[in-house]
Amino acid sequence: GINSLLDFEKLEVLGHGNSGVVHKVCHRRNANVYALKVLRFDEKAVVVRQQAVQEAEILKRMDSPLIVKCHGVFSSGGDTESVGCDLCFVMEYMEAGSLHDVLLMHQRLPEQIISGIARRVLEGLHYLHSQQIVHRDIKPSNLLINNRGEIKIADFRVSGVVVGQLNSTPANDFCMGTRAYMSPERFDPERWDGDLSDGFAGDVWSLGLVVLECHVGRFPLVSPGQKPDWATLMCAICFGERMDMPETASPEFRSFVWRCLEKDWRKRGTVTELLSHPFVTKCWNTSSSGTKDLVGYALEGQLSFFFSLFSFGLF
Ligand code: ATP
Ligand code: MG
């Protein structure tokens, strides 16, 4: 079964998040490889943990090639009911890592690749929203890529309570983007009538920021070198002027991003509208410029990473 840590052999650490660590693991009997995420809770975090369990149950029911599969959830100390211990998620292993990792390596991606990413994420959101689920945490580290170059949505926050927030400092809260990709109506519900929003438009905002980040190569709301504190972020999200677009951006790209980053959620583009936006339906001339697909970018990143370890003499 998939219900005990004893069933798995840990192979390597894939990454760290706000609330825990993700390991690459191998199932001892069926030899399948999975990603195992372990979230830590202390005794005081009973409610948050309860919400995470609830979240996991919904995640387990999701069945779509656009969503990272959750195969099982258990507590390292027994069943998921026992409080004050870890919660382990057995997830589909995504070999090429996250979009965040790709952006760290490449900084900027060509529009053709970004268009493909946008289409897949919109299709994934369309699926989630049709199941009445608001993701609430669309950001580069939650968009994962497998070795076929398929990008999928991972980790959502059903409850609206961010699991990692309890034990994270404001600084790494920002880095991991828990608030950074939040829409104006979620950031400041009073001013932006957030209470009336069903939340779906918030996912579109986050996607717009991700798409822009892929083009400019860094988180687009704060200028390079600016201290990314809470107040700066709030000003940029809720009161900032229209964002600077990269000069090289095509008209379709600009229009797509502007439809996503409309501050008033009632005027923002919907998932259905954006699925037929020219930026995602456009036929790209693939014959020019040696085309590389998303997995090409992701794996090249991993290779150059090993290369740099090599040249630093770590191997
Ligand atoms: P937060 O804690 O705010 O959600 P995060 O998304 O970066 O931040 P995790 O979800 O714990 O944190 O993921 C940490 C890293 O682990 C990711 O950036 C990714 O590189 C890697 N990772 C997570 N899930 C998988 C998976 N299913 N397959 C492969 N790598 C994964
Ligand atoms: Mg995540």
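Colleague: What should I know before reading it?

Modeller: The model is predicted, so local features need pLDDT of at least 70 and side-chain atom pairs count only at pLDDT 80 or more, while totals for chains, interfaces and linings use all residues. Residues are numbered from 1 along each chain as its sequence is written, and chains are lettered from A and ligands numbered from 1 in the order in which they are written.

Colleague: How many helices and strands does the protein chain have?

Modeller: Elements are DSSP runs, numbered from the N terminus: helices are H or I, at least four residues, and strands are E, at least two. Here there are 12 helices and seven strands.

Colleague: What share of the residues is buried?

Modeller: Buried means 20 or more other C-beta atoms, placed from the backbone, within 10 Å of a residue's own. Of 315 residues, 38% qualify.

Colleague: Which residues have the most contacts inside the largest nonpolar core?

Modeller: Nonpolar side chains tend to be buried together in soluble globular proteins. A nonpolar core joins buried Ala, Val, Leu, Ile, Met, Phe, Trp, Tyr and Cys residues through C-beta atoms within 7 Å. The largest has 77 residues, with A118, V121 and V211 leading in contacts inside it. Helix α7 (residues 200-216) supplies the largest share, nine residues.

Technical notes. Buried ≥ 20, exposed ≤ 12 C-beta atoms within 10 Å, placed from the backbone.
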